[in-house]
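Here is a short briefing to read alongside the model. Keep the structure open and turn to each spot as it comes up.

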Amino acid sequence: MKSFNEVFESYNWDDTKASIYDKTAADVERALSNPQRTLEDFKALISPAALPYLEDMAQISQRLTLDRFGRVIQMYIPLYLSNECNNICTYCGFSYDNKVRRRTLNPMEIMQEVAVIKGMGYDHVLLVTGEANQTVHTDYFKKVLDLISPHFAHISMEVQPLDVADYETLIPHGLNTVLVYQETYHQDDYRKHHPKGKKSNFLYRLETPDRLGQAGIHKMGLGVLIGLEDWRTDSFFTALHLSYLEKQYWQSKFSISFPRLRPFSGGLEPKVAMNDKELVQLICAYRLFNSEVELSISTRETVAFRNHIIKLGITAISAGSKTNPGGYEVEPQSLEQFEISDERSAQEIAVMIRKQGYEPIWKDWDMSLISKSC
């Protein structure tokens, strides 16, 4: 079966970047008027030439989102199981070369965390670990899924890339969604930021969504770490990846996230900064390009930004998040993977969403959309 790597190798980073920055106002207007937008249209919508058209983009994005998803916002929360990691990543608080105390939650500790999360009202949880195959491996994930699946309607996972057989093994235990971010599609910069560990294998990570599709995973999440490289070019390759996956694995669903580089202990400064206006542009561009994809925003972003973005295309939001293992109950003071910006509780976010005329949904879309519509 053809893999995304074959598609990816037919593109040149520098040529792609130049073609984005060469887009004109006429290209943007053409993209806005097209009922079915192409990858070339997406280039125009993320280009500097599109910034004067941001209000038009926002209005179309809002309409398309309401038509497809209604007035509902999915609520989810991360549950960090482990900060053990064998990779060196220049931007991560869990990097192998960071001198921090490592821990992996045991079953009793996991259930302490689950009790707090359920008390917040959540029915959708995202399991997160570092990449340490000797500790957090497929057998560990099976035990965790068996332990918590009776308590959640939807379980997502953001862990190290696995093989097809591993994903096939985990699905019957309750795994619904897998998030795997390429971090950056720029191969040279990818190697610079991942000098040690299994994550240094660019192509293995690049082909992880193919393995997810082959395993029959219900939904997969894509994205890059905004700030490692030119965000426009990285976003084009994410859109290219999404287009390929939708054609190859049409039975799966897809989501896009927008993590901007945030500080951590000994942190990395962004190579390319993205301001709030540009992030709004990118979110709207994705919605105009693909009315079906779910768009998610995390607590990395500020209170003001998250309030503003609710009506402009986002369909999922986290709240009350802790980015350290045991952060809700077991060990609240342990080192976080990165600093969060919006520290409001889940209930405060739910109130904010309702004030804007939307309804917070505490589980996945499938059942919710039957009764929650415009």
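R344 counts as buried in this predicted model, because its relative accessibility is 15%, and buried here means under 20%. This arginine sits in the loop that runs between strand 8 (316-318) and helix 15 (346-355).

**Around R344**
- The side chain of R344 has a polar contact with the side chain of D342, at 2.7 Å.
- Beyond the neighbours within four places in sequence, R344 is in contact with V303, R306 and N307, with A319 and G320, and with I349 and M352.
- Of these partners, I349 and M352 are listed as contacts of R344, and their numbers fall in the range of helix 15 (346-355).

**Strand 3 and its partners**
- Strand 3, residues 154-158, is mostly covered, with 4 of its 5 residues buried.
- On one pairing, strand 3 runs parallel to strand 2 (residues 124-129) over 5 bridges, and H124 stands opposite H154 of strand 3.
- To get from strand 2 to strand 3, the chain passes through helix 7 (residues 138-148), and this β-α-β crossover is right-handed.
- Strand 3 also pairs with strand 4 in the parallel sense, over 2 bridges; here S156 stands opposite T177 in strand 4.
- The chain goes from strand 3 through helix 8 to strand 4, in a β-α-β crossover that is right-handed.

**Helix 11, an enclosed helix**
- How many of the 8 residues of helix 11 are buried? The count is 7, so helix 11 (residues 208-215) is largely enclosed by the rest of the structure.
- The buried residues of helix 11 are T208, P209, D210, R211, L212, G213 and A215.
- Among the helices covering these buried residues are helix 1 (4-8), helix 8 (164-170), helix 10 (202-206) and helix 12 (231-248).
- Strands take part in the cover as well, including strand 4 (177-179) and strand 5 (219-222).
- Just after helix 11 comes G216, which takes a positive phi of about 85°.

**T184, a buried loop residue**
- T184 belongs to the loop between strand 4 and helix 9 (187-193).
- Is T184 buried or exposed? T184 is buried, because its relative accessible area is 0%.
- Its side chain makes a polar contact with the side chain of D234, at 2.9 Å.
- Leaving aside neighbours within four places in sequence, the contacts of T184 are W13, D189, Y190, F202, V224, L228, E229 and D234.
- T184 and G216 lie 32 residues apart along the chain, and their C-alpha atoms are separated by 25 Å.

- A disulfide is a covalent bond between the sulfur atoms of two cysteines.
- A search of the whole structure finds 0 disulfides.
- C85 is buried, with a relative accessible area of 11%.
- C92 counts as buried too, at 11% relative accessibility.

Notes:
Residues are numbered from 1 along each chain as its sequence is written. This is a predicted model: local features need pLDDT of at least 70, side-chain atom pairs count only at pLDDT 80 or more; totals for chains, interfaces and linings use all residues. Side-chain values use heavy atoms; hydrogens and water are left out. Buried means under 20% relative accessible area, exposed over 50%, partly exposed in between (1.4 Å probe, protein chains only). A polar contact is a pair of N or O atoms within 3.5 Å; within protein, one must be able to donate a hydrogen and the other to accept it, and residues adjacent in sequence count only if both atoms are side-chain atoms. Contact means heavy atoms within 4.5 Å. A disulfide is a pair of cysteine sulfur atoms within 2.5 Å. Two strands pair if DSSP finds at least two bridges between them. A crossover is right-handed if, with the strands pointing away from the viewer, the path from the first strand over the helix to the second runs clockwise.
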